[in-house]
Amino acid sequence: MKLHLYNTLARSKVDFQPIDPQAVRMYVCGPTVYDAAHIGNARPILVFDLVYRVLRHVYGAGHVKYVRNITDVDDKINARANERGISIRELTEATAAAFRADVAALGCLPPDVEPRATDHIAEMQEIIHRLIISGHAYAAEGHVLFSVPSMPDYGQLSRRPLDELIAGARVDVAPYKRGDMDFVLWKPSSANEPGWESPWGFGRPGWHIECSAMSARHLGETFDIHGGGIDLIFPHHENEIAQSRCAFGHDVMANVWMHNGFLQVEGRKMSKSEGNFITIRDVLNDWPGDVVRLNMMKTHYRQPIDWTMAGLKESEAILAAWRNKSAGAAPSMIAPTVLDALYDDLNTPRAITQMHQLDDAGILSATMGFMGMAATVEPQPAGLPDTEILLRIAQRLAVRQARNWAESDRIRDELLAEGVVLKDNKDGTTSWTYKS
Ligand code: AMP
Ligand code: ZN
(Lines give C-alpha, C1' and ligand atoms only; values in the text may rest on other atoms or scores of the structure.)
(Ligands and ions follow the chains in the order given, each with its own letter.)
Protein backbone atom coordinates (compact mmCIF):
# COMPACT_ATOMS: atom_id res chain seq x y z
CA MET A 1 0.00 0.00 0.00
CA LYS A 2 1.18 3.48 -0.86
CA LEU A 3 -0.66 6.71 -0.21
CA HIS A 4 -0.39 9.21 -3.04
CA LEU A 5 -1.56 12.78 -2.66
CA TYR A 6 -1.59 15.65 -5.11
CA ASN A 7 0.73 18.34 -3.82
CA THR A 8 -0.10 21.83 -5.12
CA LEU A 9 3.47 22.90 -4.28
CA ALA A 10 4.92 20.27 -6.65
CA ARG A 11 2.00 20.38 -9.13
CA SER A 12 2.00 16.57 -9.09
CA LYS A 13 0.94 13.53 -7.16
CA VAL A 14 3.55 12.57 -4.59
CA ASP A 15 4.23 9.45 -2.60
CA PHE A 16 3.19 10.62 0.88
CA GLN A 17 5.96 10.19 3.46
CA PRO A 18 5.22 11.72 6.85
CA ILE A 19 8.07 13.40 8.75
CA ASP A 20 7.23 11.11 11.68
CA PRO A 21 4.86 8.16 11.03
CA GLN A 22 4.17 8.05 14.77
CA ALA A 23 2.87 11.63 14.66
CA VAL A 24 1.38 12.59 11.31
CA ARG A 25 0.38 16.27 11.33
CA MET A 26 -2.27 18.10 9.29
CA TYR A 27 -3.49 21.70 9.45
CA VAL A 28 -6.64 22.94 7.69
CA CYS A 29 -7.81 26.56 7.57
CA GLY A 30 -11.11 26.73 9.42
CA PRO A 31 -14.09 29.07 9.26
CA THR A 32 -14.30 32.78 10.03
CA VAL A 33 -17.18 32.68 12.47
CA TYR A 34 -19.44 35.63 11.69
CA ASP A 35 -22.32 33.87 9.95
CA ALA A 36 -23.80 30.44 9.23
CA ALA A 37 -21.58 28.32 6.98
CA HIS A 38 -22.87 27.51 3.47
CA ILE A 39 -22.68 24.16 1.75
CA GLY A 40 -19.59 25.32 -0.22
CA ASN A 41 -17.77 25.94 3.06
CA ALA A 42 -18.64 22.37 4.03
CA ARG A 43 -16.62 20.97 1.13
CA PRO A 44 -13.09 21.47 2.57
CA ILE A 45 -14.31 20.19 5.94
CA LEU A 46 -15.63 17.03 4.34
CA VAL A 47 -12.64 16.51 2.03
CA PHE A 48 -10.11 16.83 4.85
CA ASP A 49 -12.27 14.70 7.12
CA LEU A 50 -11.77 11.96 4.57
CA VAL A 51 -8.01 12.63 4.43
CA TYR A 52 -8.01 12.41 8.24
CA ARG A 53 -9.89 9.09 8.17
CA VAL A 54 -7.47 7.66 5.60
CA LEU A 55 -4.42 8.83 7.59
CA ARG A 56 -5.87 7.32 10.79
CA HIS A 57 -6.42 4.07 8.97
CA VAL A 58 -2.89 3.95 7.57
CA TYR A 59 -0.89 5.25 10.56
CA GLY A 60 -3.25 4.42 13.46
CA ALA A 61 -5.83 6.70 15.03
CA GLY A 62 -3.48 7.68 17.87
CA HIS A 63 -0.74 8.74 15.44
CA VAL A 64 -2.48 11.52 13.54
CA LYS A 65 -2.97 15.07 14.77
CA TYR A 66 -5.49 17.20 12.89
CA VAL A 67 -5.67 20.90 13.68
CA ARG A 68 -8.43 23.10 12.25
CA ASN A 69 -8.63 26.67 13.50
CA ILE A 70 -11.44 29.05 14.23
CA THR A 71 -10.86 32.60 12.97
CA ASP A 72 -12.57 34.74 15.58
CA VAL A 73 -10.99 38.10 14.85
CA ASP A 74 -12.04 39.70 11.57
CA ASP A 75 -13.67 42.95 10.49
CA LYS A 76 -16.78 41.10 9.27
CA ILE A 77 -17.19 39.75 12.82
CA ASN A 78 -17.03 43.26 14.32
CA ALA A 79 -19.64 44.55 11.90
CA ARG A 80 -22.03 41.64 12.49
CA ALA A 81 -21.75 41.80 16.31
CA ASN A 82 -22.53 45.54 16.17
CA GLU A 83 -25.56 44.94 13.94
CA ARG A 84 -26.85 42.28 16.33
CA GLY A 85 -26.11 44.27 19.48
CA ILE A 86 -24.14 41.42 21.03
CA SER A 87 -20.51 41.02 22.04
CA ILE A 88 -17.94 39.63 19.63
CA ARG A 89 -17.39 36.68 21.93
CA GLU A 90 -21.11 35.85 21.96
CA LEU A 91 -21.30 36.01 18.19
CA THR A 92 -18.19 33.89 17.61
CA GLU A 93 -19.13 31.30 20.28
CA ALA A 94 -22.63 30.88 18.87
CA THR A 95 -21.44 30.70 15.26
CA ALA A 96 -18.65 28.24 16.09
CA ALA A 97 -21.09 26.01 18.04
CA ALA A 98 -23.51 25.99 15.11
CA PHE A 99 -20.65 25.21 12.70
CA ARG A 100 -19.57 22.23 14.84
CA ALA A 101 -23.14 20.92 14.92
CA ASP A 102 -23.49 21.36 11.13
CA VAL A 103 -20.34 19.48 10.20
CA ALA A 104 -20.97 16.75 12.80
CA ALA A 105 -24.32 16.15 11.09
CA LEU A 106 -22.34 15.62 7.86
CA GLY A 107 -20.43 12.81 9.54
CA CYS A 108 -17.18 14.77 10.01
CA LEU A 109 -14.99 13.80 12.96
CA PRO A 110 -13.96 16.71 15.18
CA PRO A 111 -10.31 17.77 14.73
CA ASP A 112 -7.87 16.90 17.53
CA VAL A 113 -7.30 20.59 18.25
CA GLU A 114 -9.56 23.50 17.30
CA PRO A 115 -7.53 26.59 18.22
CA ARG A 116 -9.09 30.05 18.29
CA ALA A 117 -7.07 32.89 16.81
CA THR A 118 -7.72 35.17 19.81
CA ASP A 119 -6.07 32.62 22.12
CA HIS A 120 -2.83 32.87 20.11
CA ILE A 121 -2.11 36.60 19.97
CA ALA A 122 1.15 36.16 21.93
CA GLU A 123 2.41 33.56 19.43
CA MET A 124 1.52 35.87 16.52
CA GLN A 125 3.40 38.76 18.15
CA GLU A 126 6.40 36.48 18.65
CA ILE A 127 6.51 35.60 14.93
CA ILE A 128 6.08 39.24 13.94
CA HIS A 129 8.94 40.17 16.26
CA ARG A 130 11.19 37.54 14.67
CA LEU A 131 10.31 38.79 11.19
CA ILE A 132 11.15 42.38 12.14
CA ILE A 133 14.55 41.55 13.65
CA SER A 134 15.48 39.37 10.67
CA GLY A 135 14.62 42.12 8.19
CA HIS A 136 11.52 40.46 6.72
CA ALA A 137 9.03 42.91 8.22
CA TYR A 138 8.83 46.58 9.18
CA ALA A 139 6.63 48.71 11.41
CA ALA A 140 5.09 51.87 9.97
CA GLU A 141 2.25 54.06 11.27
CA GLY A 142 0.90 51.49 13.72
CA HIS A 143 1.04 48.74 11.08
CA VAL A 144 3.55 45.98 10.64
CA LEU A 145 4.05 44.74 7.08
CA PHE A 146 5.77 41.73 5.65
CA SER A 147 8.34 42.81 3.09
CA VAL A 148 7.80 40.60 0.05
CA PRO A 149 11.02 41.69 -1.72
CA SER A 150 12.93 40.41 1.35
CA MET A 151 12.10 36.85 0.31
CA PRO A 152 13.70 36.00 -3.05
CA ASP A 153 11.64 32.84 -3.64
CA TYR A 154 8.26 34.28 -2.65
CA GLY A 155 5.47 32.88 -4.86
CA GLN A 156 6.47 29.20 -5.05
CA LEU A 157 2.99 27.94 -4.24
CA SER A 158 0.95 30.10 -6.60
CA ARG A 159 3.66 30.30 -9.31
CA ARG A 160 2.14 33.28 -10.99
CA PRO A 161 4.02 36.21 -12.52
CA LEU A 162 4.40 39.19 -10.24
CA ASP A 163 2.00 41.47 -12.12
CA GLU A 164 -0.74 38.85 -11.90
CA LEU A 165 -0.04 38.43 -8.20
CA ILE A 166 -0.38 42.15 -7.66
CA ALA A 167 -3.72 42.21 -9.48
CA GLY A 168 -4.90 39.08 -7.64
CA ALA A 169 -4.00 40.44 -4.24
CA ARG A 170 -6.07 43.57 -4.90
CA VAL A 171 -3.39 45.35 -2.95
CA ASP A 172 -4.29 48.62 -1.33
CA VAL A 173 -2.03 51.50 -2.08
CA ALA A 174 -1.06 52.82 1.32
CA PRO A 175 1.52 55.45 2.21
CA TYR A 176 3.11 53.23 4.86
CA LYS A 177 3.81 50.40 2.39
CA ARG A 178 7.30 50.06 0.93
CA GLY A 179 6.47 47.41 -1.68
CA ASP A 180 3.22 46.89 -3.63
CA MET A 181 2.96 43.28 -2.54
CA ASP A 182 3.77 43.82 1.13
CA PHE A 183 0.99 42.52 3.32
CA VAL A 184 -0.28 43.29 6.80
CA LEU A 185 0.88 41.33 9.85
CA TRP A 186 -0.50 43.76 12.41
CA LYS A 187 -2.83 46.76 12.14
CA PRO A 188 -4.00 49.47 14.55
CA SER A 189 -7.38 49.21 16.30
CA SER A 190 -9.52 52.10 17.47
CA ALA A 191 -10.97 52.00 20.99
CA ASN A 192 -14.20 50.33 19.82
CA GLU A 193 -12.47 47.66 17.73
CA PRO A 194 -11.00 44.47 19.23
CA GLY A 195 -7.33 44.96 19.97
CA TRP A 196 -4.33 43.94 22.02
CA GLU A 197 -1.34 45.85 23.37
CA SER A 198 1.80 45.28 21.33
CA PRO A 199 5.25 46.82 20.78
CA TRP A 200 3.73 48.43 17.65
CA GLY A 201 0.71 49.93 19.39
CA PHE A 202 -2.80 48.80 20.30
CA GLY A 203 -3.99 46.67 17.40
CA ARG A 204 -5.01 43.34 15.93
CA PRO A 205 -3.42 40.72 13.68
CA GLY A 206 -3.81 40.33 9.93
CA TRP A 207 -5.49 37.15 8.73
CA HIS A 208 -2.48 35.21 7.38
CA ILE A 209 -0.38 35.45 10.55
CA GLU A 210 -3.06 33.62 12.53
CA CYS A 211 -2.50 30.32 10.73
CA SER A 212 1.32 30.59 10.89
CA ALA A 213 1.04 31.01 14.67
CA MET A 214 -1.59 28.34 15.32
CA SER A 215 0.04 25.70 13.12
CA ALA A 216 3.48 26.26 14.66
CA ARG A 217 2.06 26.16 18.18
CA HIS A 218 0.14 22.92 17.70
CA LEU A 219 2.09 21.10 14.98
CA GLY A 220 5.58 22.54 15.01
CA GLU A 221 7.54 24.76 12.60
CA THR A 222 7.24 22.21 9.78
CA PHE A 223 4.55 19.58 9.38
CA ASP A 224 3.09 17.16 6.83
CA ILE A 225 -0.12 18.43 5.23
CA HIS A 226 -1.73 21.84 4.94
CA GLY A 227 -5.18 22.12 3.38
CA GLY A 228 -7.97 24.44 2.32
CA GLY A 229 -10.02 25.54 -0.71
CA ILE A 230 -8.23 26.56 -3.96
CA ASP A 231 -9.10 30.20 -3.35
CA LEU A 232 -6.74 30.10 -0.37
CA ILE A 233 -3.63 29.34 -2.49
CA PHE A 234 -3.16 33.02 -3.08
CA PRO A 235 -2.74 35.17 -1.09
CA HIS A 236 -3.51 33.30 2.13
CA HIS A 237 -1.36 30.18 1.85
CA GLU A 238 1.42 31.92 -0.08
CA ASN A 239 1.66 34.43 2.75
CA GLU A 240 1.50 31.80 5.48
CA ILE A 241 4.49 30.11 3.81
CA ALA A 242 6.38 33.41 3.58
CA GLN A 243 5.81 34.22 7.25
CA SER A 244 6.59 30.77 8.63
CA ARG A 245 9.64 30.07 6.49
CA CYS A 246 11.18 33.48 7.09
CA ALA A 247 10.46 33.42 10.84
CA PHE A 248 11.64 29.87 11.48
CA GLY A 249 14.30 29.52 8.79
CA HIS A 250 13.11 26.27 7.16
CA ASP A 251 12.84 25.41 3.46
CA VAL A 252 9.23 24.38 3.83
CA MET A 253 6.30 25.12 6.10
CA ALA A 254 4.30 22.02 5.19
CA ASN A 255 5.51 19.30 2.80
CA VAL A 256 2.18 18.68 1.07
CA TRP A 257 -0.35 21.39 0.19
CA MET A 258 -3.81 20.12 -0.72
CA HIS A 259 -6.63 22.22 -2.18
CA ASN A 260 -10.25 21.36 -2.91
CA GLY A 261 -12.15 22.70 -5.92
CA PHE A 262 -15.25 24.85 -5.64
CA LEU A 263 -18.79 23.84 -5.06
CA GLN A 264 -20.76 25.69 -7.72
CA VAL A 265 -24.28 26.67 -8.56
CA GLU A 266 -24.99 26.96 -12.27
CA GLY A 267 -21.28 27.13 -13.00
CA ARG A 268 -20.48 29.85 -10.44
CA LYS A 269 -18.68 29.45 -7.11
CA MET A 270 -21.11 29.40 -4.22
CA SER A 271 -20.27 32.39 -2.04
CA LYS A 272 -21.75 34.80 0.43
CA SER A 273 -20.89 37.76 -1.77
CA GLU A 274 -22.58 36.28 -4.88
CA GLY A 275 -25.71 35.63 -2.80
CA ASN A 276 -26.09 32.20 -4.46
CA PHE A 277 -25.61 30.20 -1.26
CA ILE A 278 -27.61 27.75 0.82
CA THR A 279 -26.56 27.17 4.41
CA ILE A 280 -25.56 23.70 5.60
CA ARG A 281 -28.48 23.85 8.02
CA ASP A 282 -30.96 24.56 5.22
CA VAL A 283 -29.68 21.61 3.25
CA LEU A 284 -29.86 19.39 6.35
CA ASN A 285 -33.47 20.37 6.87
CA ASP A 286 -34.28 18.69 3.56
CA TRP A 287 -31.69 15.91 3.31
CA PRO A 288 -30.03 13.51 5.76
CA GLY A 289 -26.36 14.26 6.44
CA ASP A 290 -25.09 11.09 4.78
CA VAL A 291 -26.93 11.86 1.53
CA VAL A 292 -25.22 15.28 1.47
CA ARG A 293 -21.90 13.62 2.27
CA LEU A 294 -22.21 11.02 -0.49
CA ASN A 295 -23.28 13.72 -2.91
CA MET A 296 -20.00 15.59 -2.27
CA MET A 297 -17.93 12.41 -2.57
CA LYS A 298 -19.30 11.59 -6.02
CA THR A 299 -16.96 14.25 -7.40
CA HIS A 300 -13.18 14.10 -7.03
CA TYR A 301 -12.09 16.74 -4.52
CA ARG A 302 -9.99 18.71 -7.00
CA GLN A 303 -12.83 19.02 -9.54
CA PRO A 304 -15.63 21.57 -9.29
CA ILE A 305 -19.00 20.20 -8.09
CA ASP A 306 -22.28 21.48 -9.46
CA TRP A 307 -24.76 21.35 -6.60
CA THR A 308 -28.11 20.18 -7.93
CA MET A 309 -31.34 18.67 -6.68
CA ALA A 310 -30.97 15.86 -9.22
CA GLY A 311 -27.56 14.96 -7.76
CA LEU A 312 -28.99 14.82 -4.24
CA LYS A 313 -31.87 12.61 -5.35
CA GLU A 314 -29.47 10.23 -7.05
CA SER A 315 -27.30 10.08 -3.90
CA GLU A 316 -30.37 9.35 -1.81
CA ALA A 317 -31.25 6.42 -4.08
CA ILE A 318 -27.69 5.04 -3.97
CA LEU A 319 -27.66 5.15 -0.17
CA ALA A 320 -31.07 3.51 0.06
CA ALA A 321 -29.82 0.65 -2.15
CA TRP A 322 -26.64 0.23 -0.08
CA ARG A 323 -28.67 0.26 3.13
CA ASN A 324 -30.96 -2.41 1.77
CA LYS A 325 -28.02 -4.55 0.83
CA SER A 326 -26.19 -4.12 4.16
CA ALA A 327 -29.28 -4.19 6.41
CA GLY A 328 -28.76 -6.13 9.63
CA ALA A 329 -25.16 -7.15 8.80
CA ALA A 330 -22.44 -6.64 11.39
CA PRO A 331 -19.65 -4.49 9.90
CA SER A 332 -16.68 -6.68 8.98
CA MET A 333 -13.72 -5.31 7.04
CA ILE A 334 -13.24 -2.22 4.88
CA ALA A 335 -13.13 -3.18 1.20
CA PRO A 336 -9.50 -3.17 -0.06
CA THR A 337 -10.66 -1.97 -3.50
CA VAL A 338 -12.21 1.11 -1.87
CA LEU A 339 -9.08 1.77 0.21
CA ASP A 340 -6.95 1.50 -2.96
CA ALA A 341 -9.08 4.14 -4.64
CA LEU A 342 -8.79 6.46 -1.64
CA TYR A 343 -5.00 5.95 -1.44
CA ASP A 344 -4.84 7.24 -5.00
CA ASP A 345 -5.24 10.93 -4.13
CA LEU A 346 -8.63 10.36 -2.53
CA ASN A 347 -10.31 9.05 -5.65
CA THR A 348 -13.85 9.01 -4.22
CA PRO A 349 -15.68 8.52 -7.56
CA ARG A 350 -13.70 5.30 -8.06
CA ALA A 351 -14.30 4.31 -4.42
CA ILE A 352 -18.05 4.68 -4.99
CA THR A 353 -17.91 2.61 -8.19
CA GLN A 354 -16.15 -0.08 -6.15
CA MET A 355 -18.80 0.13 -3.43
CA HIS A 356 -21.50 -0.63 -5.98
CA GLN A 357 -19.72 -3.91 -6.62
CA LEU A 358 -19.60 -5.07 -2.99
CA ASP A 359 -21.79 -8.10 -2.50
CA ASP A 360 -20.81 -8.91 1.06
CA ALA A 361 -23.20 -7.06 3.40
CA GLY A 362 -20.67 -6.93 6.26
CA ILE A 363 -17.96 -5.44 4.04
CA LEU A 364 -20.37 -2.89 2.60
CA SER A 365 -21.50 -1.90 6.09
CA ALA A 366 -17.92 -1.50 7.37
CA THR A 367 -16.93 0.47 4.28
CA MET A 368 -19.90 2.82 4.60
CA GLY A 369 -18.97 3.40 8.24
CA PHE A 370 -15.35 4.12 7.29
CA MET A 371 -16.46 6.67 4.68
CA GLY A 372 -18.54 8.44 7.33
CA MET A 373 -21.95 7.26 6.17
CA ALA A 374 -23.60 5.81 9.25
CA ALA A 375 -25.67 2.68 8.79
CA THR A 376 -28.73 4.29 10.40
CA VAL A 377 -30.31 7.63 9.56
CA GLU A 378 -30.83 10.25 12.23
CA PRO A 379 -33.72 12.55 11.38
CA GLN A 380 -32.83 16.23 11.36
CA PRO A 381 -35.02 18.55 13.40
CA ALA A 382 -36.83 21.05 11.23
CA GLY A 383 -37.22 24.70 12.17
CA LEU A 384 -34.94 27.62 12.92
CA PRO A 385 -31.25 27.02 12.21
CA ASP A 386 -29.10 26.51 15.33
CA THR A 387 -27.04 29.62 14.68
CA GLU A 388 -30.14 31.76 14.67
CA ILE A 389 -31.32 30.24 17.96
CA LEU A 390 -27.93 30.65 19.61
CA LEU A 391 -27.67 34.24 18.40
CA ARG A 392 -31.09 35.11 19.75
CA ILE A 393 -30.14 33.52 23.08
CA ALA A 394 -27.02 35.70 23.13
CA GLN A 395 -29.12 38.77 22.29
CA ARG A 396 -31.49 37.89 25.11
CA LEU A 397 -28.59 37.53 27.53
CA ALA A 398 -27.37 41.01 26.57
CA VAL A 399 -30.78 42.62 27.19
CA ARG A 400 -31.09 40.74 30.51
CA GLN A 401 -27.73 42.09 31.60
CA ALA A 402 -29.18 45.54 30.86
CA ARG A 403 -32.20 44.47 33.02
CA ASN A 404 -34.58 44.93 30.10
CA TRP A 405 -36.99 42.19 31.16
CA ALA A 406 -39.70 43.11 28.68
CA GLU A 407 -37.34 42.61 25.72
CA SER A 408 -36.01 39.42 27.28
CA ASP A 409 -39.54 38.01 27.51
CA ARG A 410 -40.30 39.14 23.98
CA ILE A 411 -37.32 37.18 22.58
CA ARG A 412 -38.30 34.12 24.65
CA ASP A 413 -41.89 34.26 23.35
CA GLU A 414 -40.73 34.82 19.78
CA LEU A 415 -38.60 31.66 19.99
CA LEU A 416 -41.44 29.74 21.59
CA ALA A 417 -43.65 30.69 18.65
CA GLU A 418 -40.99 29.04 16.44
CA GLY A 419 -41.13 25.90 18.58
CA VAL A 420 -37.96 26.54 20.59
CA VAL A 421 -38.14 26.19 24.37
CA LEU A 422 -35.41 27.89 26.44
CA LYS A 423 -34.27 26.53 29.77
CA ASP A 424 -33.04 29.29 32.06
CA ASN A 425 -31.10 29.25 35.29
CA LYS A 426 -29.86 32.20 37.37
CA ASP A 427 -26.95 32.87 34.94
CA GLY A 428 -29.03 32.90 31.80
CA THR A 429 -30.05 30.25 29.28
CA THR A 430 -28.27 26.94 29.65
CA SER A 431 -29.98 24.95 26.95
CA TRP A 432 -32.85 24.80 24.51
CA THR A 433 -35.03 22.11 23.00
CA TYR A 434 -37.61 21.88 20.26
CA LYS A 435 -41.18 21.87 21.63
CA SER A 436 -42.47 18.30 21.34
P1 AMP B 1 -14.56 31.66 3.45
O2 AMP B 1 -15.85 31.61 4.18
O3 AMP B 1 -14.64 32.26 2.08
O4 AMP B 1 -13.44 32.22 4.30
O5 AMP B 1 -14.14 30.14 3.18
C6 AMP B 1 -13.90 29.16 4.19
C7 AMP B 1 -13.39 27.90 3.53
O8 AMP B 1 -14.38 27.40 2.62
C9 AMP B 1 -12.12 28.06 2.69
O10 AMP B 1 -11.31 26.89 2.78
C11 AMP B 1 -12.64 28.22 1.28
O12 AMP B 1 -11.70 27.82 0.33
C13 AMP B 1 -13.83 27.27 1.31
N14 AMP B 1 -14.88 27.63 0.35
C15 AMP B 1 -15.58 28.78 0.29
N16 AMP B 1 -16.50 28.74 -0.71
C17 AMP B 1 -16.36 27.52 -1.29
C18 AMP B 1 -17.03 26.86 -2.37
N19 AMP B 1 -18.03 27.44 -3.05
N20 AMP B 1 -16.63 25.61 -2.69
C21 AMP B 1 -15.65 24.99 -2.01
N22 AMP B 1 -14.98 25.54 -0.99
C23 AMP B 1 -15.32 26.80 -0.63
ZN1 ZN C 1 -5.09 29.59 7.09
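Is Phe146 buried or exposed? I looked this up first. Phe146 is buried, with a relative accessible area of 0%; buried means under 20% relative accessible area, exposed over 50% and partly exposed in between, with a 1.4 Å probe and protein chains only.

I noted the conventions. The model is predicted, so I kept local features to pLDDT of at least 70 and side-chain atom pairs to pLDDT 80 or more, while totals for chains, interfaces and linings use all residues. Residues are numbered from 1 along each chain as its sequence is written, chains are lettered from A and ligands numbered from 1 in the order in which they are written, and side-chain values use heavy atoms, leaving out hydrogens and water.

I then searched the whole structure for aromatic pairs and found 5. Rings of Phe, Tyr and Trp (its six-membered ring) pair if their centres lie within 6.5 Å; planes under 30 degrees apart count as stacked, over 60 as edge-to-face and the rest as tilted.

Phe16 counts as buried at 3% relative accessibility, and Tyr59 counts as buried at 18%.

Phe183 counts as buried at 7% relative accessibility.

Lastly, I looked up charges over rings (NZ of Lys or CZ of Arg within 6 Å of the ring centre and within 35 degrees of the ring normal). Arg178 lies over the face of Tyr138, 4.0 Å from the ring centre. The charged end of Arg302 sits over the ring of Tyr6, at 4.0 Å from its centre.
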